[in-house]
Amino acid sequence: RSVEPVSEEYLGSLIKGLEQKSIALVEATACETENAAAAKLAAGNNRLVNAGCILTSDSSVSKVMDCDGIIVIAKLGKIRRQEIVRILELAQKLGKTVLGVVVVK
């Protein structure tokens, strides 16, 4: 089954409907495409924090700790299942709710 991409406007409307006051955008593999997508989503939205990759950066973990929930940004074809599992496990240890995973091309 294929997944159709959604528009930035649609994604923005979904984020507006979330209860969390602050949301960390977490990169799955710290690649340039994920970072660009996270930065674009966070721009102009004071509820979103571009946190980086929590698997490779202590400063990213600090940013996540200041937020109510996280959204994972993953690059299509680059992310492995094990990395997503590690992010979900770390989020659970940190007591953070994972609100979803956004896959970017």
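Let me begin with pLDDT, which is the predictor's confidence in each residue, on a scale from 0 to 100. The protein averages a pLDDT of 83, and 92% of the residues score at least 70. Confidence is lowest in helix α1, residues 8-16, with a mean of 73, and highest in helix α3, residues 58-65, at 93. This is a predicted model, in which local features need pLDDT of at least 70 and side-chain atom pairs count only at pLDDT 80 or more, while totals for chains, interfaces and linings use all residues. Residues are numbered from 1 along each chain as its sequence is written, and side-chain values use heavy atoms, with hydrogens and water left out.

Now to the strands, where helices (H or I, at least four residues) and strands (E, at least two) are DSSP runs numbered from the N terminus, and two strands pair if DSSP finds at least two bridges between them. Strand β1, residues 23-27, pairs with β3 in the parallel sense over 5 bridges, and A24 stands opposite I70 in β3. β3 also pairs in the parallel sense with strand β4, residues 97-104, over 7 bridges, and here I70 stands opposite V98 in β4.
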